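User: Hi! Could you walk me through the structure below?

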Amino acid sequence: MSNNLRIAISGKSGCGNSSVSGIIAEKLDLKLINYTFHDIARERGISFNELWMLAENDPQYDLELDRIQVEMASEGSCVLGSRLAIWLLKDADLKVYLDAPVEVRAKRIAEREGSGYEKTLKETLDRDRGDRERYIKLYNIDIDNFKFADVIIDTEEGDQFYVAERIINSLPLHLS
């Protein structure tokens with residue numbers, strides 16, 4: 001394997017980005033970069049939803065988040081798990097997109113956060129729409145256009161360990 005291995009993993013909320021990125025980083029002994037809006041919200045002492053609503057109207061939050069992620073990833077071998085990783089980390093050795101139907105993602109989020117499914121489904125659909133509109137406006141990136149990724153995995157096929165194993169097993173094919 002490369003002395004400087006950088007893996008970019010993207011996917012919409014509830015696809016398992018954080019879990020899968022963490023497993024891969026641990027198994028391959030790579031630095032994990034998973035700096036998100038949740039981290040910025042914690043640092044600023046506000047709720048995630050407050051920050052997300054601020055980001056809807058002010059590009060500084062996305063620009064700050066994305067700048068920090070790319071800076072961290074430029075320091076060496078890592079796994080970068082973020083909504084835009086495969087677009088922003090242009091020279092990643094492996095670009096992975098995690099996909100799943102919105103109903104599956106909403107169910108996972110509802111279970112993780114202890115919220116109701118119907119409410120979470122609506123919030124997930126709203127978030128998907130808002131994220132897509134913001135990224136098109138900010139970067140001309142359409143997060144629904146991910147077919148260029150080296151590996152695309154429907155995470156409904158298995159749990160986070162299964163998905164991580166599929167990604168790790170694909171490495172030799174993409175690094176040769």
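User: How many salt bridges does the structure hold?
Analyst: There are 21 salt bridges, each being a side-chain nitrogen of Lys or Arg within 4 Å of a carboxyl oxygen of Asp or Glu. This is a predicted model, so local features need pLDDT of at least 70 and side-chain atom pairs count only at pLDDT 80 or more, while totals for chains, interfaces and linings use all residues. Residues are numbered from 1 along each chain as its sequence is written, and side-chain values use heavy atoms, leaving out hydrogens and water.

User: Which residue forms a salt bridge with Asp131 at 3.6 Å?
Analyst: That's Arg83. Asp131 lies in helix 7 and Arg83 in the loop between strand 3 (78-81) and helix 5 (85-88), so the pair ties together parts 48 residues apart in sequence. Helices (H or I, at least four residues) and strands (E, at least two) are DSSP runs, numbered from the N terminus.

User: Is Asp131 buried or exposed?
Analyst: Buried, with a relative accessible area of 3%; buried means under 20%, exposed over 50%, partly exposed in between (1.4 Å probe, protein chains only). Arg83 also counts as buried, at 18%.

User: What about Arg134 and Asp131?
Analyst: Their side chains meet in a salt bridge (3.0 Å, N to O). Salt bridges that share partners join Glu56, Asp62, Arg83, Arg127, Asp131 and Arg134 into one network.

User: Switching topic: which residues of helix 6 are buried?
Analyst: Val102, Val104, Arg105, Ala106, Ile109 and Ala110. Arg105 also forms a salt bridge with Asp128 (2.4 Å, N to O).
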